[in-house]
Amino acid sequence: VAGSIGYLGPAGSWTHQACLDLFGARDLVPLSRDELFTAYADGKIERACVPATTSAVGATPYLDAVIDLPDVRIVAEYPKMLGYSLLAKPGTKRGDIVAVHAHPVAFEEVRPWLEREMPRVRRIDAASAGAAAQTVARSVTPDAASFGPKVGADIYPLVSLVDGIEEGPHNVTRWWVLGRQMPAPTGDDKTSLLVAVSDATLSSTLAEFGAAGVRILTIYERPSKKTLDTHRYLVEVEGHAKQGALAAFLEEHRELRVLGSYPRR
Ligand SMILES: O=C(O)C(=O)Cc1ccccc1
């Protein structure tokens, strides 16, 4: 649908909250992980919002799905500091909780708090904070809770028992918005590149970035799933693919795949 923005749902996920921050409530479509990537690839949604990296775990479980897309355009990034809420059915007290539901990445992000405050509760993985909140809302006994954004308590019949869990600069998630058209240069842009090389050529390839005056900001290694000594690297550099040193460099290196250029945040 024209203008629609798909996000990793259901409602009440962190990705939902990120989209509310970025776009407001209109045109947002909650989808499962597989639905989201298929809908984007098939052009059924205009944009897709996915968590790409976090300060706690590095690459999220969605990063590889993005770089596996045959055709992708990252049009924006959105780093957001997360503070988790602990959501439970009304009447549930902290001491009643025997199980907590959360996304596996969320469990990593709340780990210090959880190990300090509730070391003995059972941890149950969910597809997202929205799914976790939904499960708690549907549970018959008031002995479960979920970790996620506070907005979950507005969407489901839940209350927040604790807010601001592990909130701080150590807990930042960066979303990508996948779209259709490369944004124009702003003068302060970032470009995400996919570099597929063997161990034998990695060093010389990286040296060429420097020699061309292209500043590397960060590199994430992703397995090639082909051999042990070949890798795919998400290389993020300063600048815009259509401008200046980077444009010239990319002309010379057609083997590099541009995933997107977008304003730096
Ligand atoms: O689980 C969610 O709600 C998501 O949207 C995925 C996620 C999980 C943990 C941190 C950021 C995003």
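Helix α1 (residues 14-23) is followed by G24, whose phi is positive, near 80°. Helices here are DSSP runs of H or I of at least four residues, strands are runs of E of at least two, and both are numbered from the N terminus. The model is predicted: local features need pLDDT of at least 70, side-chain atom pairs count only at pLDDT 80 or more, and totals for chains, interfaces and linings use all residues. Residues are numbered from 1 along each chain as its sequence is written, and side-chain values use heavy atoms, with hydrogens and water left out. Within α1, the residues W14, T15, H16, Q17, A18 and C19 are buried, where buried means under 20% relative accessible area (1.4 Å probe, protein chains only).

Strand β3 (residues 47-54) is mostly covered, with seven of its eight residues buried. Pairing of two strands requires that DSSP find at least two bridges between them. Strand β1 (residues 5-8) pairs with β3 in the parallel sense over three bridges, and I5 has R47 of β3 as its bridge partner. By contrast, the pairing of β3 with strand β11 (residues 172-178) is antiparallel and extends over six bridges; here P51 is bridged to W175 in β11. Strand β4 (residues 58-59) also pairs with β3 in the antiparallel sense, over two bridges. In this pairing T53 stands opposite A59 of β4, and a hairpin of three residues joins β3 to β4.

The ligand is surrounded by 15 residues, of which the closest are S13, W14, T15, S128 and A129; a residue is counted when one of its heavy atoms lies within 4 Å of the molecule. Polar contacts are pairs of N or O atoms within 3.5 Å; within protein, one atom must be able to donate a hydrogen and the other to accept it, and residues adjacent in sequence count only if both atoms are side-chain atoms. A polar side-chain atom of T15 lies 2.6 Å from an oxygen atom of the ligand. A polar backbone atom of W14 is 2.7 Å from a ligand oxygen atom, and for a backbone N or O atom of A129 the distance to a ligand oxygen atom is 2.9 Å. Two or more residues of the shell around the ligand come from each of α1, α4 (104-117) and β11. Helix α4 gives the most, with three residues.

Technical notes
Buried means under 20% relative accessible area, exposed over 50%, partly exposed in between (1.4 Å probe, protein chains only).
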